[in-house]
Amino acid sequence: MQSPERFDADVIATYGRHLLVRDPAGVLLKARPFGRALDIVCGDRVHCERDVHAEVLVTGVLPRRSVLMRSNARARSEPLVANLSLAAIVVAALPRPDPFMIDRYLCAAVCAGLQAIIVVNKADLPLRAEDEASLAELATLGFGVYRVSAHEGRGLDTLALALAPHTSVLLGQSGVGKSSLIQKLTLDGTTALTGELMRESEGRHTTTASRLYTCTGGGSIIDSPGVRDYAPSVDQLQQASLGFPEIEQHAAQCHFADCRHLQEPRCAVIAAVAAGAIAPRRYESYRRLRRLYEQLHEQRGPGARAPRR
Ligand SMILES: Nc1nc2c(ncn2[C@@H]2O[C@H](COP(=O)(O)OP(=O)(O)OP(=O)(O)O)[C@@H](O)[C@H]2O)c(=O)[nH]1
Ligand SMILES: [Mg+2]
Ligand SMILES: [Zn+2]
């Protein structure tokens, strides 16, 4: 019998058990996983086999360089997208930004070893003063803030330059304009707002599955479905700082090695907040994420308590 044709491919999109992969010649092929155990996400690189019926089967996932994860409703970690180097958190004047969600995305990105930036889309609409203030805090911490407008084309060249060296993912609430940006930044994103990964919701198109596109200015970018809420994976968060760079900076000076920076005596983080070196809103965000982190650990049941360090 003729041996099957074997090749490695990039996963462009997944819809349940249906996969879209790109072969070495750049051809998009429908594929399906061979076996139940494979957990495949957009951005994965996979081993493929074309069987006698010319069907493409994915037989294995190559080791991931990076993976962005989330906690699901049962507090288990789930991969969202793989092999990326940058996470772009998209916000807009409307729907109003949720600074705590932005912080959770930033923490997850930092802990996954990714570079993280904020993209403020709809620059044609004014942001509220308090939203400007939280963006200014993030800029101070070193996160790049890019002001763009998919509608007016403003800031897109600068953003394209920042994305060029990377495989990135656009993350953020539904309606901030992720797919609109993909349409402007990519060669193949013309269908991002109308394609098969869309669903009509409240009279507009909303993305239902992640998909990888090729940027006009270099690099690749993943469009992802908007979420109401995002919980990072508890397995991935760094235990001392949960991924907050300014907490990380002070945590080493805390009296207790396993300090949670909540009410422990001689906590350097609490002292830094009191001294004005850590923004109170960011510290509040840290406390909320710490509570969520411990709650997710508890949810996993006895024997799976939050490790103190
Ligand atoms: N004013 C303004 N509106 C914009 C801009 N970019 C996108 N929009 C509008 O914002 C709405 C949502 O855009 P989408 O691109 O579908 O948003 P999304 O983030 O992909 O949403 P989901 O797929 O549901 O997560 C649409 O009505 C767009 O026309 C912009 O730069 N300015
Ligand atoms: Mg979309
Ligand atoms: Zn502390």
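In this predicted model, H261 counts as buried because its relative accessibility is 1%, and C267, at 5%, likewise counts as buried. Both residues belong to the set of protein donors of the zinc ion (ligand 3), which consists of C254 (SG), C259 (SG), H261 (ND1) and C267 (SG), at distances of 2.1 to 2.4 Å from the ion. Along the sequence, these donor residues follow the spacing C-x4-C-x1-H-x5-C. The arrangement around the zinc ion (ligand 3) is tetrahedral, because the four donor atoms subtend angles of 103 to 117°.

The magnesium ion (ligand 2) is coordinated by S179, through OG, and by T207, through OG1, at 1.9 to 2.1 Å. This pair links distant parts of the chain, since S179 lies in helix α4 (residues 178–185) and T207 in strand β13 (residues 204–207), 28 residues apart. Both S179 and T207 are buried.

Around ligand 1 there are 22 residues, of which D124, S174, S180, T206 and T207 come nearest. By class, the shell around ligand 1 comprises five nonpolar, 13 polar and four charged residues. Oxygen atoms of ligand 1 lie 2.5 Å from a polar side-chain atom of S174, 2.9 Å from a polar backbone atom of A150, and 3.4 Å from a backbone N or O atom of V176. Ligand 1 taken alone exposes 660 Å², and the protein buries 85% of that area. The elements that contribute two or more residues to the shell around ligand 1 are α4 and β13, with β13 providing the largest share, four residues.

Definitions and conventions. Residues are numbered from 1 along each chain as its sequence is written. Chains are lettered from A and ligands numbered from 1 in the order in which they are written. This is a predicted model: local features need pLDDT of at least 70, side-chain atom pairs count only at pLDDT 80 or more; totals for chains, interfaces and linings use all residues. Side-chain values use heavy atoms; hydrogens and water are left out. Donors are N, O and S atoms within 2.8 Å of the metal (3.2 Å for Na, K and Ca); water is not among the atoms, so sites may look incomplete. Buried means under 20% relative accessible area, exposed over 50%, partly exposed in between (1.4 Å probe, protein chains only). Four donors count as tetrahedral if all angles lie between 85 and 135 degrees; four count as square planar and six as octahedral if opposite donors are over 155 degrees apart and all others between 65 and 115; anything else is irregular. A residue is near a molecule or strand if one of its heavy atoms lies within 4 Å of it. A polar contact is a pair of N or O atoms within 3.5 Å; within protein, one must be able to donate a hydrogen and the other to accept it, and residues adjacent in sequence count only if both atoms are side-chain atoms. Accessible areas come from the Shrake-Rupley method with a 1.4 Å probe; for residues, only the protein chains shown count as cover. Ala, Val, Leu, Ile, Met, Phe, Trp, Tyr, Cys and Pro count as nonpolar, Asp, Glu, Lys and Arg as charged, and the others, Gly among them, as polar.
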